[in-house]
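This report describes a structure in plain terms. Look at the sequence and the model before reading on.

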Amino acid sequence: MAEFIEVDVRGLSCPEPVLLVMDAMDEHPGETIHVIGDEAHTRTNIEKTLKYQKKDFQTEQKNGCFEITFQA
Amino acid sequence: MKLFNNTWKLAIAGAIVGVLAALLAFFGNPANMAICVACFIRDTAGALSLHSAAPVQYFRPEIVGFVVGAFLISLITKEYKATAGSAPMIRFLLGMIMMIGALVFLGCPLRMVLRMSAGDLNAYVALIGFAGGVATGTLFLKKGFSLGRAYETKKANGMVLPIALIILLIIGVATGAYAASTEGPGSMHAPIAISLIVALIIGVIAQMSRMCFAGSIRDVILMKNFDLISIIGALFVVMLIYNIATGNFHLSFSGQPIAHSQHLWNILGMYVVGFGAVLAGGCPLRQLILAGQGSSDSAVTFLGMLLGAAFAHNFGLAGAAAKAATETEAAVAGGPATAGKVAVIACIIVLFIIAVTNKRNLKRGQ
């Protein structure tokens with residue numbers, strides 16, 4: 001098992017990415033979650049959701065994709 | 001994106017769109033249609049002679065403006081991304097279905113809000129259906145509905161629709177080749193340049209704010225997030241003020257322009273739109289914006305809407321507007337004819353089939 005849970009939301013329509021991230025948080029409390037996605041509005045949506053949930057997160061932009069890492 | 005990063009800024013975005021919609025109505029667009037996406041796609045279908053309903057034929061520069069505005073701003077902000085491949089034929093079908101539902105009610109979710117702001121009680125009835133449709137779609141989302149992933153495609157692929165629309169507009173203006181209504185809603189329009197410029201601005205704002213009518217209710221149900229609905233709320237308030245100030249506010253069921261009071265069919269028509277929009281990942285306006293920022297799946301949804309509008313008028317599915325009796329003609333109750341009612345029921349059945357048969361199948365790698 002890897003050290004983190006990976007959630008790949010690339011190419012998914014709204015609001016699936018946010019739903020998947022929320023599911024992952026419910027299923028893996030306390031673990032490190034690594035979200036990879038590609039659409040700018042998806043990134044905004046996920047970051048907003050995490051802010052509402054008061055989670056600290058880090059976002060990295062890598063060749064057209066974004067990666068958000070946080071502790072569930 | 002930073003420009004619209006919190007709720008009150010999003011509300012301002014909605015208010016600006018409201019002012020712009022009022023501006024277009026002021027310059028000649030049908031008053032409580034202003035920038036209705038379903039109505040304008042229908043008029044565009046008519047202009048291209050995909051249907052021949054004489055009162056609703058006009059190549060609407062607004063449709064071009066919404067798509068191209070989103071296209072240009074996404075190029076500037078580098079959010080443009082050519083994608084495709086998330087169940088395009090199902091999305092085509094969803095586009096058709098949304099349009100048929102909208103034309104039975106006589107308006108997309110945007111026009112529903114505009115009609116509400118003018119006191120049209122039929123639109124409040126339709127809102128029940130729309131919210132119900134969004135709730136149904138959201139339920140399936142929770143149960144794992146998915147149309148699958150879109151993948152990055154050739155950059156030019158995503159540019160086909162915006163560029164084609166620009167060229168079609170230029171051809172229309174230069175040659176006058178398209179059909180154009182001489183009476184009815186299609187004959188009422190702002191000057192082309194004003195329509196286009198205002199729509200470009202709306203396209204930009206809608207892209208940056210992610211404005212979506214289906215999404216606004218969906219987000220409230222799904223995650224108690226009021227961001228998107230604040231845009232719609234502000235739009236409603238601005239139009240309400242405009243309508244009251246200009247004497248266009250009449251709280252009633254009857255005597256509303258281009259509307260009917262067949263409550264059941266208003267509810268079911270908008271139920272179809274709400275349900276379809278959630279499954280498609282956005283309302284008709286949002287589909288145009290996504291198509292502008294490179295989504296071929298949304299461009300295909302647009303084509304579905306265009307064909308849906310043509311079907312709706314070629315086969316008598318669209319609702320008829322109610323008319324009061326005149327000296328020469330009897331009153332018309334309006335609403336959909338039998339074919340339209342059958343079509344709405346069929347659309348609902350197809351939506352349930354699509355919702356049940358498309359499940360998420362993603363490996364969430366550990």
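What percentage of the 72 residues of chain A count as buried? The share is 40%, where a residue is buried if 20 or more other C-beta atoms lie within 10 Å of its own, exposed if 12 or fewer, and partly exposed in between, with C-beta atoms placed from the backbone.

The model is predicted: local features need pLDDT of at least 70, side-chain atom pairs count only at pLDDT 80 or more, and totals for chains, interfaces and linings use all residues. Residues are numbered from 1 along each chain as its sequence is written, while chains are lettered from A and ligands numbered from 1 in the order in which they are written.

**The two chains**

Chain A has two helices and four strands, and from the N terminus on these run β-α-β-α-β-β. Chain B has 14 helices and two strands. Helices (H or I, at least four residues) and strands (E, at least two) are DSSP runs, numbered from the N terminus.

The table sets out some values for each chain. In its last column, two residues are in contact if their C-beta atoms, placed from the backbone, lie within 7 Å.

For the 72 residues of chain A the rule gives a value near 11 Å, and chain A has 11 Å, which agrees. For the 366 residues of chain B a compact globule would be near 21 Å; chain B has 19 Å, which agrees.

**Where the chains touch**

The contact takes 21 residues from chain A and 22 residues from chain B. On the chain A side, the elements that give two or more residues are β1 (4–8), α1 (16–27) and α2 (40–52). The residues of that side divide into 11 nonpolar, five polar and five charged. Here Ala, Val, Leu, Ile, Met, Phe, Trp, Tyr, Cys and Pro count as nonpolar, Asp, Glu, Lys and Arg as charged, and the others, Gly among them, as polar.

**Core and helix**

In soluble globular proteins, nonpolar side chains tend to be buried together. The largest nonpolar core has 141 residues; such a core is a set of buried Ala, Val, Leu, Ile, Met, Phe, Trp, Tyr and Cys residues joined through C-beta atoms within 7 Å. B:Cys36 is among those with the most contacts inside the core. Not counting residues up to four places away in sequence, B:Cys36 touches B:Gly107, B:Cys108, B:Leu110, B:Arg111 and B:Leu114.

Helix α11 (residues 263–280) of chain B is mostly covered, with 16 of its 18 residues buried. After α11(B) comes B:Gly281, whose phi is positive, near 80 degrees.

**Backbone exceptions**

Most residues other than glycine have a negative phi, and most peptide bonds are trans. A cis peptide bond joins A:Cys14 and A:Pro15, with omega about -5 degrees; A:Pro15 lies in the loop between β1 and α1 of chain A.

A:Lys54 is not a glycine, yet has a positive phi of about 55 degrees. Is A:Lys54 buried or exposed? A:Lys54 counts as exposed because it has 6 C-beta neighbours inside 10 Å. B:Arg210, also not a glycine, has a positive phi of about 60 degrees. B:Arg210 counts as buried, with 24 C-beta neighbours inside 10 Å.

Definitions and conventions: Rg over C-alpha atoms; globule rule 2.2 N^0.38 Å.
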